[in-house]
Amino acid sequence: GGRKRCLRSVGLPPPMPIARSLSHQERDFFFRSDGEDDGDKESSSESLPPMKSGSGDNAPRYPHVTGLPVITRPIFPLIPTSITLRDPQTIDAIENMKDNAYVGVFLKKKHSTGVSEAGVLVEKPELIKDASDLYNVGTFAQVHRITRLGLEPEDSLGEENDHSDLTGDTHVSASVLLLGHRRIDLRSVDNVGPPVDVTVSHWDRLEYTGSEDSIKALSNEVLSTVREVAQMNALFRESLSFYTRVDAANPYHLADFVASLTKSGTPEELQAVLEDKDPERRLQKALVLLNKEREVAKLQQEISAKVEEKMTDAQRKYFLNEQLKSIKKELGMERDDKETLIAKYREQLAEAGEIPTDVMETIDNELEKLSTLEKNSAEFNVTRSYLDWLCGVPWGKFLEEQFEIKEARKVLDRDHFGLFDVKDTILTFIAVGKLKGSVQGKILCLAGPPGTGKTSIAKSVAAALGRKFYRFSVGGLSDVSEIKGHRRTYIGAMPGKIVQCLKTTGSMNPLILIDEIDKLGAGYRGDPASALLEVLDPSQNSSFVDHFLDVPTDISKVLFMCTANDLSRIPGPLLDRMEVIELSGYDVPEKIAIAEQYLVPKSMGESGLMIKKGGEKTDEEKKDDEQLSTRSEDGPVETEKEVDEDEPGPPIESYVHAEGVPESANIEKGALESLVRWYCREAGVRNLAKHIDKITRKLALQVVAETEGTELTERSRRKADTWAVSEDNLSDYVGKPIFTSDRLYENDPLPNGIVMGLAWTSMGGSALYIETQGIKRSKDPEGKAKGGGSLKSTGQLGDVMKESTQIAYTVARSRLAEIDPSSSFFDDTDIHMHVPEGATPKDGPSAGVTMVTSMMSLATEKPVRSDVAMTGEISLTGKVLKVGGIKEKMMAARRAGITCVVLPADNRRDFDEIPEYLKDGLDVHFAEDYGEVYEVVFATP
């Protein structure tokens, strides 16, 4: 009795209901209590299958048995185990064994975890290909029960039921209850089956004398660890409670028992315990598995503790918050959420100005509906969002406007150089507003090339009037809901940009800039251009209805300004509602002045080469910034803001060079003039600002490199002796000039058929050559011409320009017949007209005069002077028609060195309005008929 100890003697917790895969009958069969006598055993055997003869080491030793491959874990002797079979033939073979139900259970080497290399579950683990699929050591086990899954309970081993109808079913399965007796060695596989037939040899009983202290110590450590794991893991403790007759003093049985309990071991680690014959090594391997189980149990406890702690804290906070709410409500210190919301809306309405009657009725109805709705209902959130916007609109709030002409001109001159016509138009607009007391009913459209200051001048107008500024772009906009809002029936519905502007600015009379109005889109969601007709109509927008608010909103006090690059792309009805102010662009002197006074100091300040005097802004600058700063309580009013490179910064007088920067570090006027002429010919100054930024950044690199003594590359190194960027070293900072000359032909006079025209583009004016060549056809043997009388045009011309070539060809033939009736040039010659730079698309109605002159020069063999340029459309009868862009074309003419210009007579007014310095040195002729053009161009010197 000293060596025989059961696990209860080591102080383990009392048995608890087990949660294992074994059935209650199986548990009762194997785990009878210590107090049962023989009489009890006899009574229980009436309801249980009879025991087979012999158990443990007394079990029979059959050399040939049915092999049963298993996965996941091997079976240990004296440990009952339940497995599931899925192969029908194997199931039938075990059922047919009747009383002689002994099998050899072997762990599979391949896919021992039950999962294939592809991550797919092994469907039938009982099938093997050869003996190499099995480990050599297995367990001789007795089948105590087999039950087909899904059948009645009596369909088990020992019953005479017919299962032949299930034999061929590949999805049949059965649960087998096994009890291992002893270890066996696999000698050979006689038949791979199924079922598998194997030849085995049985292990002899391994005796233990109990005299080794190391084994005793290991056994005690194993028992101690079992106790520790049982205290941490409830499932382990429940499983342990059913093993009451394990000989804890036998190291072989103890190791098998511990290994069978662990769930964390791999199939290979469990198989190693099964194969080892040495008791000490077997105990050590079992102890390793037990320690792994302990670590997993500790980790499980930690996770459980963390989750429980979080849940406890959340519950505690919830209960405390509920108690706090109840206490505050009893004391009258707090109302429920609905009451708080309604009170907030009432406060907003009290602070608002005069609210229209129909709007107030809608708000009252919605507040009443809100008070009756449940907080968790969907309608509650919809109504709350609706009230947020209704009460958020600043009904009746108007900012006081400023109509001081002096202050307005100061702001405009501070922010923009030149643009005198634009400034005068805006000042007259402000003056009328001062006399009338309001500027309502006006929609201004600023049209001009990119980078000419359209957006920034709108900001200046807002600052001059003392209004809040709000900008949004409609470029590419194809959804009417962005203008008029979404219906409230949609999820995520919100008002349009107009109502958003009113709420954001907090006033009913802001200045709204609708940017890129010429780039409006249209799609299946509607036509935004049509929606803007109501917004921009002074006679209709006093009762503008947003789809979301669904109440009339007076936006007649809002000053709308729009920007566009091409007026021809704006729909006629929409353009008719606007007062257009055209910004023709900056000429060379204006660009140089803007660069000197604003762009250069701004860029050098951003590059760290210059700092503001005193380091802080003056009071006047702070005041100006406050006027320009369009911020509300919620943040910036300006939305979708783009940085305009043409927007000037503080003048150069307010900057000084930073510490460590040479005083000579600057950009000279000659360099700026070269930048304007040979690098940046566009109408605006955005590209000019980019080039200046490039120069200042490179200057900053050179200053820092020389201060640190760092060697730069050849391209970045300063090559001149001075820090000043001049016309001579400009190419070291911005590369070679982009434009070298406007003249394709330098010789005077030009070759026959070559004439220079003047064109307008969105980037400004440019010189455009028209080239014409004739191909004279030979005669056939009968004396008839093989060709002649045809015109071909190239140069990627648009449809309008192609029509101009046909008209010019007809006019040229008609004029040549008047000048020289005997000439048959156009009858005998094929004409090819080309406009150089064929990769650039060209179109427009202003090249007709130039085309006629080119063909007349070719037909009469009279060259045109190289200093003559012209523009104007031609009619079929030879009338010279009016064209646009005269200022830009004059700038292009001066840039190309032209001294004689021919313009349509109807453009005399446009020519008179351009600055005098653009007229100086130009011999300008105005023509009504092409005959006058012919006399000027082909006149004898």
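## A helix with a nonpolar patch

Ile303 lies in helix H9, which covers residues 279-331. Helices here (H or I, at least four residues) and strands (E, at least two) are DSSP runs, numbered from the N terminus. Ile303 is partly exposed, with a relative accessible area of 49%. On this scale buried means under 20% relative accessible area, exposed means over 50%, and partly exposed is in between, using a 1.4 Å probe and protein chains only.

Leu299, Ile303, Val307 and Met311 form a nonpolar patch on the surface, and together they have about 380 Å² of accessible area. Patches are made of residues with over 30% relative accessible area and no salt bridge; like charges are joined within 9 Å, and nonpolar side chains (Val, Leu, Ile, Met, Phe, Trp, Tyr) within 5 Å. The areas come from the Shrake-Rupley method with a 1.4 Å probe, and for residues only the protein chains shown count as cover.

## About the model

This is a predicted model, where local features need pLDDT of at least 70 and side-chain atom pairs count only at pLDDT 80 or more, while totals for chains, interfaces and linings use all residues. Residues are numbered from 1 along each chain as its sequence is written, and side-chain values use heavy atoms, with hydrogens and water left out.

## The annotated binding site

Let us turn to a stretch with an annotation. An unreviewed UniProt entry places the feature "binding site" at Gly448, Pro449, Pro450, Gly451, Thr452, Gly453, Lys454 and Thr455. UniProt positions are given in the numbering used here, feature names are shortened, and annotations may be inferred rather than shown by experiment.

Thr452 is found in the loop between strand E7 (443-447) and helix H15 (454-465), and Gly453 lies in the loop between E7 and H15 too. Thr452 is buried, with a relative accessible area of 0%, and Gly453 counts as buried at 2%. The side chain of Thr452 also reaches the backbone oxygen of Pro449 at 2.9 Å. A polar contact is a pair of N or O atoms within 3.5 Å; within protein, one must be able to donate a hydrogen and the other to accept it, and residues adjacent in sequence count only if both atoms are side-chain atoms.

## Helix H15

H15 has 12 residues and reaches 17 Å from its first C-alpha to its last, close to the 16 Å expected at 1.5 Å a residue. The expected span is 1.5 Å times one less than the number of residues in the helix.

Because 12 of the 12 residues of H15 are buried, the helix is largely enclosed by the rest of the structure. After H15 comes Gly466, whose phi is positive, near 75°.

## Salt bridges across the chain

The structure holds 32 salt bridges. A salt bridge is a side-chain nitrogen of Lys or Arg within 4 Å of a carboxyl oxygen of Asp or Glu. Side chains of opposite charge can pair when their charged atoms come close. One of the bridges joins the side chains of Glu95 and Arg148 (3.1 Å, N to O). Glu95 lies in helix H3 (residues 88-96) and Arg148 in strand E4 (residues 137-148), so the pair ties together parts that are 53 residues apart in sequence.

Another bridge brings together the side chains of Arg467 and Glu401 (2.3 Å, N to O). This pair links distant parts of the chain, 66 residues apart: Arg467 is in the loop between H15 and strand E8 (469-473), and Glu401 is in the loop between helix H12 (378-392) and helix H13 (405-415). Arg467 counts as buried at 4% relative accessibility, and Glu401 counts as buried at 18%.

## Two positive phi values

Where does Asp550 lie? Asp550 is in the loop between strand E10 (544-545) and strand E11 (552-553). Phi of Asp550 is near 60°, a positive value in a residue other than glycine, and Asp550 is partly exposed at 47% relative accessible area.

Glu861 is found in the loop between helix H27 (848-860) and strand E22 (868-870). Phi of Glu861 is positive, near 60°, and Glu861 counts as exposed at 61% relative accessibility.
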